[in-house]
Amino acid sequence: GAQIPDFATRDALESAEDRALDDKLKAKKRSALEDSSTSSVLGGAKPLMLKAEEVDTDRINRKYDDGDDEEEEEDSDLDSSSDEEDEDDEELLQRELEKIKAEREKVRQEKEAEEAAIAEKTASDAALLGNPLMLGAAKSSQVKRKWNDDVVFKNQARTEPEAKKRFVNDTIRNDFHRRFLAKFAK
């Protein structure tokens, strides 16, 4: 049907519909009970369904009642001492909750500090490895030396005059052929 814009009106209609359905259901149960009690097939056996007066609806409603219902009725026979105990228990639970939150916050801060230290160390290592001048300084403070820096006969060939290569278009008279003959044709 028609849309009902107001929630309170909708709730009122739904609860009215629920009550009407409950009334119909109770009427059907009563008529069924009356019919079964007048014509007992089992010969005086106990009826399968209880009569409406025998049903403890309050107990059933309490058993299946939702805790978050707005229509929940508070029991008037609760002692003030149980209220105080509930408040004390609630205070203890609140303090315990605060302790747990503080511990978790402390663990979280320690973890963040550890991650920050690891990130800083990684960044400094990357900076050192990225700079070739710092790379040598990180390993040792000395400059690497070549193997022949302290050899006695170093740079001897520099003092000899280099033989100038000359181009000769004759294969028998070129420099390579002369050296070959000097070496192998003694």
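These exercises treat the aromatic pairs of a predicted model.

**Exercise 1.** Find how many aromatic pairs the structure holds, and classify the pair of Phe176 and Phe180.

Solution. 
- Begin with the count: the structure holds 2 aromatic pairs.
- Take Phe176 and Phe180: their ring centres are 6.5 Å apart, and their planes make an angle of 25 degrees.
- Planes under 30 degrees apart count as stacked, so this pair of Phe176 and Phe180 is stacked.

**Exercise 2.** Classify the pair of Phe180 and Phe184, then describe the setting of Phe184.

Solution. 
- The centres of Phe180 and Phe184 lie 5.1 Å apart, with 50 degrees between the planes.
- Stacked needs under 30 degrees and edge-to-face over 60; the rest count as tilted. The pair of Phe180 and Phe184 is therefore tilted.
- Phe180 and Phe184 are 4 residues apart in helix H5, so about one helical turn separates them.
- Phe184 has a relative accessible area of 59%, so Phe184 is exposed.

**Exercise 3.** Which residues form one aromatic cluster?

Solution. 
- Phe180 pairs with Phe176.
- Phe180 also pairs with Phe184.
- Phe176, Phe180 and Phe184 form one aromatic cluster.

Notes: Residues are numbered from 1 along each chain as its sequence is written. This is a predicted model: local features need pLDDT of at least 70, side-chain atom pairs count only at pLDDT 80 or more; totals for chains, interfaces and linings use all residues. Side-chain values use heavy atoms; hydrogens and water are left out. Rings of Phe, Tyr and Trp (its six-membered ring) pair if their centres lie within 6.5 Å; planes under 30 degrees apart count as stacked, over 60 as edge-to-face and the rest as tilted. Helices (H or I, at least four residues) and strands (E, at least two) are DSSP runs, numbered from the N terminus. Buried means under 20% relative accessible area, exposed over 50%, partly exposed in between (1.4 Å probe, protein chains only).
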